[in-house]
Amino acid sequence: MADNQPLNENSPAVQAHLTMMQGVIGRMAENSRSCKVWCVTLVAAVLVLVARTGEPQHALIALVPMLLFLFLDSYYLALERAFIRSQNAFVAKLHRNELEPDDVYRVVPTGMGVQLVGRCLGSVSIWLFYPLVIVTVVLAWQLILTAGSPAEALP
């Protein structure tokens, strides 16, 4: 970057950096959404197979992918928050006229760690969705348990 171009909100490098950060944040949000979609798909597939076999204890297997997606979703949410924090710090430096060329070419999440992932486990977007999946699995388990196996229904 040329030394004669100041780093301000109109600078092409600053605009490119902000666009890149928004892209990364958007991808993390999309990954979080994909976790929920895949969770529903896999849990539903397991429950359909369990309903066909009539083995209610196997319904609890659906909790395994649900737990894996719960943690993966929390990880992506934590990454999203860390990149938002990084972008906010970049914009704050920009407004204080403290921005340096090295800041423009660094795309690193700020504050990413186990604590942030743990805090994201308690997020509303996590705890409005995954308990509902757990309730669905338990209700399906009970329904299959009380209905019996399809093989028993055949003459």
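1. A pocket, as used here, is an open set of grid points with protein on both sides within 12 Å along at least five of seven lines, and its lining residues have an atom within 4 Å of a point. The model is predicted. With that in place, the pocket comes first.

2. The largest pocket holds about 180 Å³ of space. Its lining consists of H17, M21, S86, A89, F90, K93, D103, R106, V108 and T110. Helix α2 gives the largest share of this lining, four residues. Both α1 and α2 supply at least two lining residues each.

3. Next, helix α1. It covers residues 12-53, 42 residues in total. At 1.5 Å a residue it should span 62 Å, and its end C-alpha atoms are 61 Å apart, so the two values agree. Just after α1 comes G54, with a positive phi of about 75 degrees.

4. The largest nonpolar core has 31 residues. Those with the most contacts inside it are C39, V43, L47, F83 and Y130. At least two residues of this core come from each of α1, α2, α4 (114-121) and α6 (130-147). The largest share is that of α1, with ten residues.

5. V43 deserves a look of its own. Neighbours within four places in sequence aside, V43 is in contact with A62, M66, V133 and V137. Another core, of eight residues, lies apart from the largest one. Among its residues are A13, V14, L94 and L99. As a general point, nonpolar side chains in soluble globular proteins tend to be buried together.

6. How are the buried residues of α4 placed around its axis? They are L116, V117 and C120. Seen down the axis of α4, these buried residues fall within an arc of 100 degrees, so they line one face of the helix. The general rule behind such a pattern: an α-helix has 3.6 residues a turn, so residues three or four places apart point the same way. The buried residues of α4 pack against α2 and α5 (124-127). On the other side of α4, V114 and Q115 are exposed.

7. One backbone point to check. N97 is not a glycine, yet its phi is positive, about 60 degrees. Most residues other than glycine have a negative phi. N97 sits in the loop between α2 (63-95) and α3 (101-104). Is N97 buried or exposed? The cut-off for exposed is over 50% relative accessible area. N97 has 66% relative accessibility, so it counts as exposed.

Notes
Residues numbered from 1 in each chain as written. Predicted model: local features only at pLDDT ≥ 70, side-chain atom pairs only at ≥ 80, totals over all residues. Heavy atoms only, no water. Buried < 20%, exposed > 50% of the residue type's maximum accessible area, 1.4 Å probe, protein only. Expected span 1.5 Å × (residues − 1). Core = buried A, V, L, I, M, F, W, Y, C linked by side-chain atoms within 4.5 Å. Contact = heavy atoms within 4.5 Å. Arc of directions from axis to C-beta. 1 Å grid on protein atoms, 1.4 Å probe; cavity = no way out; pocket = protein on both sides within 12 Å on 5 of 7 lines; lining within 4 Å. Points joined across faces, edges and corners; volume = space filled by probe spheres on them.
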